[in-house]
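Me: I would like to go through a structure with you, one topic at a time. Could you please show it first?
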Amino acid sequence: MSSFTFDIKKIILFLSHFVMNVLKNKNQSLFKDIFLLNKFSRRLSYLCFVFIVFNSNAQSIPSGFNLVAYEGFNYTSGSSLLNANGGSGWSTSWEKTYLDRFLKTSTAGYTYSGLTTAGLKADFDATCYGTCNVIAALKRTFPAQSLGVVYFQFISVFEASGGFGTPNIRFFNSSTLTGGIGASSGTFMSILDASLNNISSTTASLSAQNLVVVRIDYNLNKTEMWINPNLSTFDYLNPTSPSATALGFSPAFNAFDIYMRSGSIDEITVFSQTSAPTTISGNNVICAGDSTTLTSSGGITNPNTVDVWYDGGCGGEAYSEGWGNQPTAPNLSTTTVNSCINGILKVTSTSVDPRINMYGIGSFNPSVYKYINFRYRVVSGTAGTTEIFFLNSAYTIPTGGISRATTLVSDNAWHTGTIDMSLNPSWASGGNITGWRYDYSSATGVTMDIDFIELGSSPIVGTGTAINLTPSASTTYYVKRKGPDANTACISQVVTVKSVPTITSFTPTSEVAGGTVTITGTNFTGTSAVSLGGTAVTSFTVVSPTSITAVVATGTSGSLILTNNSCTATKTGFTFLSTNADLSALTLSNGTLSPSFATATIAYTASVINTTTSITVTPTKSDANATIQVQVNGGGYTTVTNASGALSLNGGSNTIDVKVTAQDGSTTKTYTIIVTRGLAPSISNFNNITKLYFDGNYIIASPTTNSSGAFTYTSSNPAVATISGTTVSITGAGTSTITANQAGDATYYSGSITSTLTVNSVDVLTKNGQISTTNANYINKNGALSTSNSLTKYGQSVSTKSNDGLSAASAGISAFQIKNDFPSATDGLYWITNPNINAGTPFQIYADMTTDGGGWTLIMKNSSSAGWNYGNVISLNTSIPFANTADMENAATPNYSIIEWANYLKKSASGFQYMIDATTRRSHGGIWTANGNYSFVKTDNSQTNITLDTKFGTWNYVSDNGISQRMPWYQNDCGTITTDNGGGNWWGTLISICGWSPTPWISDGGGGSTNPNPGIIWYWVR
């Protein structure tokens, strides 16, 4: 940057202007304090050394206040004030506010003892510049005031009495009238409300020359006014005895209008009170490396001040420029001053070397005062750097290299800059500092706001009500409030920085609860807490300032944290080895655990249907670092991370083990689930069988079961018998275990049952006269071959067939005979033979070998009225349409009747028994004995001599409405096989060819149970 150029013409012009102002100013008591003398001496310095010169139209402001706006009417005498823009702090020039009569400058101004005045005064202007009446009026605007304490001060001589809107000064907040000073009536100076009514009056005459001091306290909501106070004793900070007071009234305003019919006004000043902060809050004890935020509060502030923070001292300001006045042209270079309002100097650079000369500002010890601090805001452009060229005895003009610079932040936000000037060796070697040149930017076209620039013994560490600090050692921080004509005392706060412990290492880095960890580091004395993975250790011992032993508590992995004197040290890398081998949840893909899962319960059962051939187990570990393994039926463990794979299930019981291994690798816990696949089938009635060698092949009667799975059969001794399908072929005498294996179905798993086949040998006489046990060509006593009898070697008759009904070759003569001869016979199909039936050819029947001792032959099953007719009701599907008991009891299987053969199957001509049951076996019927030589195909209703031996249910005989006391008879009518008398009611009918479901059975049970539509009905003989 270039050096300062001396301009003697500017010095002469400045000198004459300055002397005129000094002659006018009386510089009396209150404002002629140290501040004023300092300012005056600085002005003389300006004159002598051609440094910064300010316009001399600013009134002195009491200490503790900052100027908002000032008008001393420093204009040409006799000129109209319309559009005049003198003074300082104003937002606008003087404006028209009413008609076309205004104010003008007089030939002189008012003076007042103790008050520094400047310029002329404003008089009522009788000239009409357009449309007029007797009122002159003007308006001016300034920054809005609504906070803290604000003074409005002026000297006036008004007309003698108030009325018709004058005389007064009207306060406006934007366009809203908020109050005023003057009078709406009467002759005394008064405080006016928003309607311009007198609300508090003094005794001062409107027409006298009065210094009017108005104090608006927004905090206490009151307005006070003093008239002609003694300024040598008047305390602006704590004024007493006002001339007028308006409580509950504090008008906000940013403009005022002057209305008068005559008179004058001068020295209009608006200033606001500023006082130091009263409190610093925030954490004032921190650990080394931590930060804290200090916040200042209290005192009186306003929008034009800022709280400034210092480190180590209260700034130690030797000089501070707050731009209460605008620098004059001789002290500016390539700089346009846009405004200087409320202590903010707004400038724009017009080259890369803009500057403000600040010479001859004093003489300052460079060893004490070495920091130049400033507050700025780059509104537009990129400012680059600020550079300060300093002056002393050795360097009386700015010289290259005799400077220090700092980089600026260009983001339209407020920042502070601090330059340690002592880093330039010439700062301390050339005598006292007398001034500097302030090159505020290194770029052209940059617009900046400059709040203040100062020389002090301490650097600024921040501005604003809050600062964030990270001191490395205990430090005292100071804060004061600065602004235009405001520079308060400091308050301070010590921030104590405590030393922190350090952790060098710890061992082991992984441990279980109860284990010991040794910590190595520094500053351990006084340690108050130790935690591992966020969990406080069970206990710890400070062995020395550099060593601690800690007992691990149950916790988690993470960091080691050590606390000493409220400061912490942290070291990562600890792994907690959990001994937790628990599950938090356990679920199955099929089935339900019993009991419900609980972490402490390790044994469970579950059931699944038989079609479930595999199952998935999903265990959830309580500790994420545990591992889980699963096995089924002892087949070996597989590690799982979420759900197991498909575990194959056998029919019946399956053991699933879920083994959890804790993080420590040694603690385990096994949860066991017994999963039953399907229900156990109930298989019975597979009785032992005794056969003779010559019985030949027979069909196995299927066991009784509740499963629908198919049976297959095996023989343990093929030398005795072999099996193909259900056919057993006898191959020799002896015993064999016959196993019936039943496959699983959807509900039941597979099962089996066994019986013993015993084959006895028989000595027979062959046709060749030989005695044999195996030759099938044997003869009986009549010489017939291969009959059911033969002869022994002694000529005795011997049976060669067992007649157990299990095969056509061993056919019995009836179910009754088979049950008597083979008591272990079970329900099912049997072969019988009778010379009167089927030409003596063996045929199959279904036999009930259980009810009332067994031996019953089924002669009819009716489950549908469809298909019956008079001819087939006694003979239908005689080749037996059932394969087993389930078929016989199933209403969906075909109807069946061998009633026409029943007379040959009964045990005797008279005294035989018959049985009827309906809907379900052994219900809604009974067992009867026929007490005569009765026929099952009798065609009249005369067979009534019968005895009810056993009743199934609670029914009673009811003629024509239920079971009649009559053996069923055969007729060609609706009741084709019936116990009814044939009168047409047909209740008690076993087969009907006239509908029903499948037949009308019991309509009236005689006080017992009824069953009008049985669904299925069975008829038996024994």
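This is a predicted model: local features need pLDDT of at least 70, side-chain atom pairs count only at pLDDT 80 or more; totals for chains, interfaces and linings use all residues.

Me: What is a disulfide, in general terms?
Reply: A disulfide is a covalent bond that links the sulfur atoms of two cysteines.

Me: Where do cysteine 974 and cysteine 994 lie?
Reply: Cysteine 974 lies in the loop between β73 (969–970) and β74 (975–978), and cysteine 994 in the loop between β75 (989–992) and β76, so the pair ties together parts that are 20 residues apart in sequence.

Me: Is the link of cysteine 974 and cysteine 994 left-handed or right-handed?
Reply: The link is left-handed, with -80 degrees about the S-S bond of cysteine 974 and cysteine 994.

Me: And is cysteine 974 buried, partly exposed or exposed?
Reply: Cysteine 974 counts as partly exposed because its relative accessibility is 22%, and buried would require under 20%. Cysteine 994 is also partly exposed, with a relative accessible area of 40%.

Me: How many disulfides does a search of the whole structure find?
Reply: The search finds 4 disulfides. When the bonded cysteines of the chain are numbered in sequence order, the pairing reads 1-2, 3-6, 4-5, 7-8.

Me: Are cysteine 287 and cysteine 567 buried or exposed?
Reply: Cysteine 287 is buried, at a relative accessible area of 8%. Cysteine 567 is buried as well, at 0%.

Me: Which cysteine is joined to cysteine 128?
Reply: Cysteine 128 is joined by a disulfide to cysteine 132, with an S to S distance of 1.8 Å. The torsion about the S-S bond of cysteine 128 and cysteine 132 is about 95 degrees, so this disulfide is right-handed. Cysteine 128 counts as partly exposed at 34% relative accessibility, and cysteine 132 is partly exposed at 26%.

Me: Changing topic: which strands make up the open sheet of 5 strands?
Reply: The order in that sheet is β36-β43-β42-β38-β39, and the pairing is mixed. Strands β36 (510–512) and β39 (535–536) stand at the edges, each with a single partner strand, so one side of each has no neighbour in the sheet.

Me: In which sense do β38 and β39 pair, parallel or antiparallel?
Reply: Strand β38 (residues 527–532) and β39 pair in the antiparallel sense over 2 bridges. The bridge partner of serine 531 in β39 is alanine 536.

Me: What about the largest nonpolar core, and how many residues does it have?
Reply: The largest nonpolar core has 74 residues, and those with the most contacts inside it are Phe936, Met967, Ile977 and Tyr1019. Strand β76 (residues 1017–1021) gives the most to this core, with 5 residues. A second, separate core of 43 residues includes Ala84, Ile181, Phe256 and Ile265.

Me: Which residues does methionine 967 touch?
Reply: Leaving aside residues up to four places away in sequence, methionine 967 touches several residues, including Phe912, Tyr914, Tyr934, Phe936, Ile946 and Tyr1019.

Note on methods: Residues are numbered from 1 along each chain as its sequence is written. Side-chain values use heavy atoms; hydrogens and water are left out. A nonpolar core is a set of buried Ala, Val, Leu, Ile, Met, Phe, Trp, Tyr and Cys residues joined through side-chain atoms within 4.5 Å. Buried means under 20% relative accessible area, exposed over 50%, partly exposed in between (1.4 Å probe, protein chains only). Helices (H or I, at least four residues) and strands (E, at least two) are DSSP runs, numbered from the N terminus. Contact means heavy atoms within 4.5 Å. A disulfide is a pair of cysteine sulfur atoms within 2.5 Å. Two strands pair if DSSP finds at least two bridges between them.
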